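Here is a short briefing to read alongside the model. Have the viewer open and follow along from topic to topic.

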Amino acid sequence: MRFFKSFSSAITFSMIAIAVTASLLVGGTWVTQEYLKFEQTSVAIKEDYLQAQRDMIKHEVDRVVQFIEYKRDQTENRLKKDLSGEVAEAIAIANNIYSANKGKLSNAEITRLIKHALRPIRFNDGRGYYFIIAFDRTVVLNPAQQELEGKNLGMFKDQNGDYLFQHIEDAIRENHEGFSTWNWYSPGDEARKRKKIGFIRVFEPLGWWIGTGEYVDDFERIVQQETLDWINSIRYGNDGYIFVSNYQGTTRAHF
C-alpha cells in the first residue's frame, strides 16, 4: 500500500514538474516573442524618428537654398528698382526748382540752385549720389569727384576700351531713360575700376542727363548680409539651426 502511495506521489510530482516545465517553456517562448516584437517596434520607431529628422533637416536646407537663389536672382532687379526710384526723386527736385524759377533766373542761376539741392543728398549707406552730365558730355555735377565738374568726358573710355557715354546714349535713346553698365573708380580708390550699374533720365529743360549708380559688388554684399541675417534667425525642432560656410571653410552663418 505504501508502494502505491509513493508511486502515486511520484507520478503527481512528475506531472506537476512537467506542467511547470511546460509553463516555463511556453512562458519563455511568449516572453521571447514579445521581446523580439518590442525590439522590432523600437527599431521601427527609432528609424521613423530618424527619417522624420532627416526629412525636416532636408526641408529646412532646401528652403534656405531656395531663398538664397531667390535673393540672388532678385539682386539686380532690386538694385535697378532702387536706382530708378532715386533718380525719379532727383528729377522731381530739378523740375520743381526749374519751374519755380523759369523766367525769373538765368539757366546758369537755376543750374546753381539744382546743383546746390542735389549735391549733399546721399543714399545706400552714403555710397549713392546724383550726377549730372550735359548733352555735350560735360560734367555738371559729380559730388564724389568734384574735380571732374566742368570737364568734357566725351572721349572717356572704361577699362574695356568702350566709350562711357555711348552706353548711356544707347540706353536712353528710345525712352529718354534707361539702365547702363560701366566701370568706374570708387571714391578714395583710384587703383582700379569696378562694375557699376546706373540709371539715367533725360532732363530736357537744361539739356542734361541726371542719374545715379551703384557698384554691383557693394550691393551684393548688402543682399548677402540680409540673407545671412535671415538664416541666423532660423530655428526648427528642439535645437535645429542652419550654418553656412564658403568654399574656404569660413563660417558665414551659425548659431
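What percentage of the 255 residues of the chain count as buried? The share is 32%, where buried means under 20% relative accessible area, exposed means over 50%, and partly exposed lies in between (1.4 Å probe, protein chains only). Please keep in mind that this is a predicted model, in which local features need pLDDT of at least 70, side-chain atom pairs count only at pLDDT 80 or more, and totals for chains, interfaces and linings use all residues. Residues are numbered from 1 along each chain as its sequence is written, and side-chain values use heavy atoms, with hydrogens and water left out.

**Overall architecture**

- The chain has four helices and seven strands; these are DSSP runs numbered from the N terminus, with helices being H or I of at least four residues and strands being E of at least two.
- Reading from the N terminus, the order of elements is α-α-β-β-α-β-β-β-α-β-β.
- Among contacts in the chain with a separation of 6 or more, 49% are between residues 24 or more positions apart, a contact being heavy atoms within 4.5 Å.

**Nonpolar cores**

- A nonpolar core here is a set of buried Ala, Val, Leu, Ile, Met, Phe, Trp, Tyr and Cys residues joined through side-chain atoms within 4.5 Å.
- The largest such core has 24 residues, and those with the most contacts inside it are Ile114, Leu118, Ile132, Phe203, Leu206, Trp208 and Ile210.
- At least two residues of this core come from each of α1 (2-101), α2, β1, β2, β4 (189-203) and β5.
- Helix α1 gives the most, with eight residues.
- Leaving aside residues up to four places away in sequence, Ile114 touches Ala94, Ile97, Ile132, Phe203, Leu206 and Trp208.
- Another core, of 15 residues, lies apart from it and includes Ile133, Val139, Phe165 and Trp182.

- Side chains of opposite charge can pair when their charged atoms come close.
- The structure holds five salt bridges, each defined as a side-chain nitrogen of Lys or Arg within 4 Å of a carboxyl oxygen of Asp or Glu.
- Glu149 and Lys115 form one of them, at 3.8 Å from N to O.
- Glu149 sits in the loop between β2 (139-141) and α3 (164-172) while Lys115 belongs to helix α2 (residues 107-118), so this pair ties together parts that are 34 residues apart in sequence.
- Arg119 also forms a salt bridge with Glu149, with 2.8 Å between the closest N and O atoms.
- That pair links distant parts of the chain, 30 residues apart, with Arg119 in the loop between α2 and β1 (130-134).
- Arg119 counts as partly exposed because its relative accessibility is 22%.
- Lys115, Arg119 and Glu149 are linked in a network of salt bridges.

**The Glu214 and Arg127 pair**

- Glu214 and Arg127 form a salt bridge whose closest N and O atoms are 2.6 Å apart.
- Glu214 lies in strand β5 (residues 208-215) and Arg127 in the loop between α2 and β1, so the partners, 87 residues apart, link distant parts of the chain.
- Glu214 is buried, with a relative accessible area of 1%, whereas Arg127 is partly exposed at 26%.
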